[in-house]
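Subject: Structure for you to look at

Hello,

The structure we spoke about is below, ready to open. Please have it on screen while you read the notes.

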Amino acid sequence: MRHVSAQEVRLLILSSLEAQLTAVGLTQTDIPDDFDLLTEGVIDSLGILQLITLIEEHFDIKVDFADLTPENLTIVGPFSRYIEERAPSALPYDP
Amino acid sequence: MLALSSGFLRSCELFPERPAVEVSGTTLTYKALWKRAASLAATLQRRTPLGGPPLTAVFAYRSPTAFAGVLAALFRGHGYVPLNRTFPPERTRTMLERSGCRALITDSQSVENLGQILEGIHEELLLILPETSDTEGLANRWPNHRIVGSNELDPPEAWSLQPVSPDSIAYLLFTSGTTGIPKGVMVAHRNVRHFVDVMVHRYEITEQDRFSQTFDMTFDLSAFDMFVAWERGACVCCPSQRTLINPGRFIQDSRLTVWFSVPSVAAFMERLGTLKPNCYPTLRWTLFCGEPLPFAVVENWGRAAPRSKLENLYGPTELTIACTFYRWNGEKSAGECEFGLVPIGEPYPGMKAMVVDEGLDEVLPCEEGELLMTGPQLSLGYWRDPETTAAAFVVPAAKNDVYYKTGDRVRKPVGNGPLVYLGRRDQQVKVQGHRVELSEVEAYLRQETKTDVAIALGWPITPNGAGGIVAFLDDTSLDAEGLRNKLKAKLPAYAVPRQIHLLPQLPLNPNGKVDRKALLNILERMP
């Protein structure tokens with residue numbers, strides 16, 4: 001069983017996107033809970049899959065996104081909490 | 001011969017209170033959508049500057065105005081020219097300029113991008129903003145254009161039906177040209193009518209059906225969603241760009257009965273774990289088009305939507321949306337797949353196919369060649385570009401009809417067998433004088449790795465072809481060197497990828513297809 005906190009996920013997301021955030025004039029501390037990475041132009045659908053792969057590799061978990069509210073896939077806070085919630089029951093990352 | 005809008009108008013009479021479109025949280029009944037469209041059409045009729053071609057631009061994105069705008073152009077007797085604010089503004093400006101449109105309809109969300117589009121356009125345009133009431137600032141900003149806001153629209157009753165010739169343009173759709181300047185494909189009313197008639201009969205569409213709209217209007221497959229649904233009083237369900245990222249819940253919440261997308265969307269859903277057994281029980285039809293359909297996608301989708309029949313459609317814009325179909329059959333289809341790809345099947349009723357060699361002579365059954373097609377869906381050619389039209393629309397020897405050269409390579413079937421797609425003609429590259437079929441390299445890559453998508457490119461580009469082959473896969477856990485060794489056993493040395501790059505995901509273009517140009521850009525930036 002793995003414990004992953006939403007805060008850890010948030011940090012991983014934002015540090016991996018540092019260059020993109022800087023490009024739109026933002027720093028990690030500017031990012032509110034309801035920040036939408038897609039509509040704010042930080043990432044596209046390709047970026048989302050990269051992010052998911054990064055998170056799964058980093059925490060060694062295989063996350064099932066079927067139960068995530070679709071619109072929350074690109075919103076930092078709810079997305080991070082979903083990972084936190086799912087991590088304990090998740091299988092190890094198996095690409 | 002009826003105009004393209006005739007199906008919508010008939011459904012307005014039969015089903016005025018049924019939903020025609022669900023978009024941005026709004027449901028528009030046939031009656032409500034008619035009112036919006038007729039009001040815009042009346043405004044166009046009265047106020048479009050004189051001169052200019054019978055075309056109206058619709059610069060709107062997944063909004064009520066996008067749908068009303070398309071219908072308004074048709075009601076007005078014009079063809080619609082879809083423009084997309086998510087495209088680079090310069091590209092959109094080129095399309096607007098090339099089309100020569102004198103009127104443009106836009107939604108509130110696209111207004112802020114309008115400035116970049118209008119830059120350098122001096123001819124007077126009629127700009128209709130049905131979602132914007134305060135237009136004073138905009139009128140000051142663009143004094144040489146005529147601006148009509150929501151308060152100044154003509155009433156729907158002022159619209160009168162315009163007769164259109166079956167040969168007039170229903171839509172002008174820009175596709176990428178080899179020279180970098182987009183080519184406008186002129187699709188006539190009679191082309192789309194034939195397509196719509198074939199589809200509503202084949203899929204037995206009724207007013208109970210609910211269609212997905214995964215395609216932007218700048219992709220001609222969106223015309224299927226709108227006009228096939230409206231022909232029979234069905235509803236088009238248009239998700240937002242955000243919802244489309246992960247569309248599983250949308251299929252369920254919207255109780256879709258007809259799903260239509262590129263296969264990549266299904267591959268994405270599989271990655272997110274949203275193709276669970278029987279999770280889409282409402283679907284009765286699943287249609288894929290726009291790129292080769294991998295067998296694996298069909299298998300995964302089939303589990304998630306077991307009640308849905310599935311078809312692979314094929315067709316270039318020049319032949320009006322789609323012109324061949326292949327019905328998936330659980331018993332025999334696996335045996336008809338080649339290189340793990342589903343066949344493209346047979347021509348639509350009324351359409352004729354030829355498979356030819358480079359001299360445009362028909363090849364023998366079982367041989368490969370370029371697919372040429374003709375029939376009622378053969379479009380009018382390229383807008384204001386007779387040279388490019390003449391090069392692609394040809395009369396083969398011993399034939400009397402004009403055929404469109406698709407640039408796609410297929411295998412000529414034996415007897416009643418299906419056409420099998422083998423790749424683009426221009427995906428052949430010469431490496432050290434040898435002809436290399438990129439689709440063949442890709443097929444081996446998919447076979448060895450069991451992945452859905454693999455891309456091979458000729459690289460570096462040389463005057464007579466390419467120095468070698470490089471490949472991209474969307475799985476970072478693979479052993480690139482081991483894979484290269486396996487391919488050495490399958491392919492001649494010159495065709496074996498010299499490098500295999502592993503990315504978490506391959507870049508997609510606005511239409512959801514793998515963006516080969518973006519991959520070439522990645523290669524260019526590599527040291």
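First, the conventions. This is a predicted model, in which local features need pLDDT of at least 70 and side-chain atom pairs count only at pLDDT 80 or more, while totals for chains, interfaces and linings use all residues. Residues are numbered from 1 along each chain as its sequence is written, and chains are lettered from A and ligands numbered from 1 in the order in which they are written.

Chain A

Chain A has four helices and zero strands, so that its pattern along the sequence reads α-α-α-α. Helices here are DSSP runs of H or I of at least four residues, strands are runs of E of at least two, and both are numbered from the N terminus. The C-alpha atoms of chain A fill a box of roughly 40 × 25 × 20 Å along the principal axes.

Of the 95 residues in chain A, 32% are buried. A residue is buried if 20 or more other C-beta atoms lie within 10 Å of its own, exposed if 12 or fewer, and partly exposed in between, with C-beta atoms placed from the backbone. Among the contacts in chain A with a separation of 6 or more, 73% are between residues 24 or more positions apart. A contact means that the C-beta atoms of two residues, placed from the backbone, lie within 7 Å.

Contact between the chains

16 residues of chain A are in contact with 19 residues of chain B. On the chain A side, nine of these are nonpolar, five polar and two charged. Ala, Val, Leu, Ile, Met, Phe, Trp, Tyr, Cys and Pro count as nonpolar, Asp, Glu, Lys and Arg as charged, and the others, Gly among them, as polar.

Helix α8 (residues 222-231) of chain B is mostly covered, with ten of its ten residues buried. These include B:Phe224, B:Asp225, B:Trp230 and B:Glu231. Just after α8(B), B:Gly233 takes a positive phi of about 80°.

Strand β14 (residues 309-314) of chain B is also mostly covered, with five of its six residues buried. β14(B) pairs in the parallel sense with strand β13 (residues 285-288) of chain B over four bridges; two strands pair if DSSP finds at least two bridges between them. B:Leu310 in β14(B) is the bridge partner of B:Thr286.

Chain B: a three-stranded sheet

An open sheet of three strands has the order β25-β28-β29 (chain B), with mixed pairing. Its edge strands are β25 (454-458) and β29 (499-502) of chain B, each of which pairs on one side only. The twist averages 20° from one strand to the next. Helix α17 (residues 516-525) of chain B packs on the sheet, touching β25 and β28 of chain B, and its direction makes about 60° with that of β25(B). Axes are lines fitted to C-alpha atoms, for helices over the stretch in contact, and angles run from 0 to 180 degrees between N-to-C directions. β25(B) and β28 (residues 469-473) of chain B run antiparallel, joined by five bridges, and B:Ala456 has B:Ala471 as its bridge partner in β28(B).

Chain B: backbone points to check

Most residues other than glycine have a negative phi, and most peptide bonds are trans. A cis peptide bond joins B:Trp459 and B:Pro460, with omega about -10°. B:Pro460 is in the loop between β25 and β26 (461-462) of chain B.

B:Arg255 is not a glycine but has a positive phi of about 50°. B:Arg255 lies in the loop between α10 (248-253) and β12 (258-261) of chain B and is partly exposed, with 13 other C-beta atoms within 10 Å. B:Cys366, in the loop between β17 (352-356) and β18 (368-374) of chain B, has a positive phi near 85°. B:Cys366 counts as exposed because it has 10 C-beta neighbours inside 10 Å.

Regards
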